[in-house]
Amino acid sequence: MELLDLVEGRRFMGREFVVWLWFESEMQETNLRPTGVDPCSLWLEAQITLVLEKEESRLKGAIPASSPEAKEALRQGKLPREAKMRLVRGDREFVWTLKADTLGLSGLKLPTQLKKDDEKHEVFYERMMLLEDLDATLAALYADFVQLRLSDAWDEDIEPLMQSWAHGEKPDADAYLVAKSAVLAAKRAKRKR
């Protein structure tokens, strides 16, 4: 198998990652605790585009992911191709659009405090520090997602809960947290060895 085929064959992971972030955000009331970094609040806002082959649903609004149309698109098998997200940690707010197929960010707004009139190297340093902070958080969230996705708990516990959530039912939050905690605790134990 060629490298390009491998890459193309795994593009669904980015779309499933966005669905998991969406689910995680709603289950945790936006309060996420990625492994190895500080807790944060994260939610989908303003726009989400879901696709299945050539069919596309582009939803806009304050929180389009919470609309019945978004869940209906999921039930039809559509997955997010891109979603606008907001992450808040302390007094810092980051906003961007996540392109699921490439995990690329666009339209990124950083919570910079320095102005263009300040020393250029200080402005540059601040931007790099903020980018590094956001990158570390997104990398930690993706690592948690991959750990969950590759675990037996995904098929046995998490995916059925996500399906019931997509069907508008209230999933068992305690069951989700137990399954998630067991998988991520095993991950932390491996890291300590």
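The entries below record what I looked up, beginning with the conventions.

**Conventions.** I am working with a predicted model, in which local features need pLDDT of at least 70 and side-chain atom pairs count only at pLDDT 80 or more, while totals for chains, interfaces and linings use all residues. Residues are numbered from 1 along each chain as its sequence is written, and side-chain values use heavy atoms, with hydrogens and water left out.

Because phenylalanine 17 lies in helix H2 (residues 12-27) and tyrosine 142 in helix H4 (residues 120-149), the pair ties together parts that are 125 residues apart in sequence. Helices here are DSSP runs of H or I with at least four residues, numbered from the N terminus.

I then checked burial, for which buried means under 20% relative accessible area, exposed over 50% and partly exposed in between (1.4 Å probe, protein chains only). Phenylalanine 17 counts as buried at 4% relative accessibility, whereas tyrosine 142 is partly exposed at 24%.

Next I took phenylalanine 23 and tyrosine 176, whose ring centres are 5.0 Å apart with planes at 85 degrees, so that pair is edge-to-face. Phenylalanine 23 lies in helix H2 and tyrosine 176 in helix H6 (residues 173-192), so the pair ties together parts 153 residues apart in sequence. Both phenylalanine 23 and tyrosine 176 are buried.

I also noted one aromatic cluster, formed by Phe17, Trp20, Tyr142, Phe145 and Trp154.

Which residue did I find in helix H5 (residues 152-166)? Aspartate 155 is found there, and I list aspartate 155 as exposed because its relative accessible area is 52%. For contrast I looked up leucine 134, which has its place in helix H4 and is buried, with a relative accessible area of 2%.

**Helix H1.** Last, I looked up leucine 6, which lies in helix H1 (residues 3-9) and is partly exposed, with a relative accessible area of 31%.

Note on methods: Helix = DSSP H or I, 4+ residues; strand = E, 2+ residues; numbered from the N terminus. Phe/Tyr/Trp six-rings, centres within 6.5 Å; stacked < 30°, edge-to-face > 60°.
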